[in-house]
Amino acid sequence: MTKSFENRDGLIWLNGEFIEWKNAKAHIISQGLHYASAVFEGERAYNGKIFKSNEHTIRFFKSAEIIGMNLPYSEEEINLAKNELIKKMNLKDCYVRPIAWRGGNQMGLSTSNSDINVAIAVWDDWDSYYKIEDRKAGLRLITSPWKRPAPDTAPYEAKASGPYIICTMSKEYAEKKGYHDALMLDYRGYVAEGTGANIFFIQDKSIHTPIPDCFLNGITRQTVIEMSKSQGFEITERHILPEEISKYDEAFLTGTAAEITPIRSIDNINFNTGDNTTTFKFMGDFSNLVSKTS
Ligand code: PMP
């Protein structure tokens, strides 16, 4: 089991300084905590280098801009801070979590006098995300009763903390029923994504994935699309209905934390998993790609 995230040794970058992990605390009375006024990133370093670091930083700033937060640092400063922190923490393969939130200068919904805080943490023991044996065997998913909201209901292009409660409730629903994770449909009833990852389906040489028109167009998703196209696979981004998914042979999730993770079943629909699948091949290709680019 992963040890508590609060009481650890090491450093966290907070508002321009490296401070002791244990002392990196936010106040109870902060807008970020009460009203989810926060945006964050999830990144991975392989052999000391963050995969697509700049793309993540750009998304971080874009997320902040979408929810009206003006980050008091430059993209270069954040890129530098991430790399310095990884070095100071003496890590090679790790997860990287920048976060920005409105602090306690002002309480309530008005943001006119808010203070913006930015922090970065890195860790290398996120085995609680998906256990290695579950990643090998493929995940069992159940359809969540919670839906991805319409684009004019939630800022879907921002990795903003607020909408994540939908993902948290979906994940909890799935885990309580004995599943690894949930499949989320969107407000129209189309297949959308996992709770923290995008979804792909495979039938022979043809790969289908939902159009990211109300959920995050993941950086891993974009990488996998490029990678599979370059290998001659035909990629179709389309609106997929839940009743269509039984026709696919394979399914997998993509995300920074999930990387490429095979899906064994969704509700009562089973998919092929194992060494002879295209998903398995993609997992190997992705692993080569990130180690080469890193
Ligand atoms: N959807 C959601 C809801 C996510 O949290 C994530 C992880 N950031 C993704 C998709 C995949 O995005 P990425 O590949 O950029 O990590």
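Figure 1. Phenylalanine 5 counts as partly exposed because its relative accessibility is 31%, whereas tryptophan 123, at 9%, counts as buried. Here buried means under 20% relative accessible area, exposed means over 50%, and partly exposed lies in between, with a 1.4 Å probe and protein chains only. The model is predicted: local features need pLDDT of at least 70, side-chain atom pairs count only at pLDDT 80 or more, and totals for chains, interfaces and linings use all residues. Residues are numbered from 1 along each chain as its sequence is written, and side-chain values use heavy atoms, with hydrogens and water left out. A search of the whole structure finds 11 aromatic pairs. In the pair shown here, the ring centres of phenylalanine 5 and tryptophan 123 are 4.9 Å apart and the planes stand at 65°, so the pair is edge-to-face. Rings of Phe, Tyr and Trp (its six-membered ring) pair if their centres lie within 6.5 Å; planes under 30 degrees apart count as stacked, over 60 as edge-to-face and the rest as tilted. Phenylalanine 5 belongs to the segment before β1 (11-14) and tryptophan 123 to strand β7 (residues 116-123), so the pair links distant parts of the chain, 118 residues apart. Strands (E, at least two residues) and helices (H or I, at least four) are DSSP runs, numbered from the N terminus.

**Figure 2. The aromatic pair of phenylalanine 201 and phenylalanine 271.** The ring centres of phenylalanine 201 and phenylalanine 271 lie 6.3 Å apart with planes at 50°, so this pair is tilted. Phenylalanine 201 sits in strand β11 (residues 198-203) and phenylalanine 271 in the loop between β16 (269-270) and α7 (278-293); the pair therefore ties together parts that are 70 residues apart in sequence. Both phenylalanine 201 and phenylalanine 271 are buried. In another view, Phe200, Phe233, Phe252 and Phe282 form one aromatic cluster.

Figure 3. Six of the six residues of strand β14 (residues 250-255) are buried, so the strand is largely enclosed by the rest of the structure. In a regular strand the side chains alternate between the two faces of the sheet. In β14, Glu250, Phe252 and Thr254 point one way, and Ala251, Leu253 and Gly255 point the other way. Strand β11 pairs with β14 in the antiparallel sense over five bridges; two strands pair if DSSP finds at least two bridges between them. Isoleucine 202 stands opposite glutamate 250 in β14. Four bridges also join β14 to the antiparallel strand β15 (residues 259-266), where threonine 261 is the bridge partner of leucine 253. A hairpin of three residues connects β14 to β15.

**Figure 4. The surroundings of the ligand.** The ligand is surrounded by 14 residues, the closest being Tyr164, Glu193, Ile219, Thr220 and Thr256; a residue is near if one of its heavy atoms lies within 4 Å. A polar side-chain atom of tyrosine 164 lies 2.4 Å from an oxygen atom of the ligand, and for arginine 59 the corresponding distance is 2.8 Å. An N or O atom in the side chain of threonine 220 is 2.6 Å from a ligand oxygen atom.

**Figure 5. Strand β4 between its partners.** Three bridges join strand β4 (residues 43-46) to the antiparallel strand β6 (residues 94-102), with arginine 44 opposite tyrosine 95. Strand β4 also pairs with strand β5 (residues 49-50) in the antiparallel sense over two bridges, and lysine 49 in β5 is the bridge partner of tyrosine 46.

Terms used
Polar contact = N/O pair within 3.5 Å; in protein donor to acceptor, adjacent residues only side chain to side chain.
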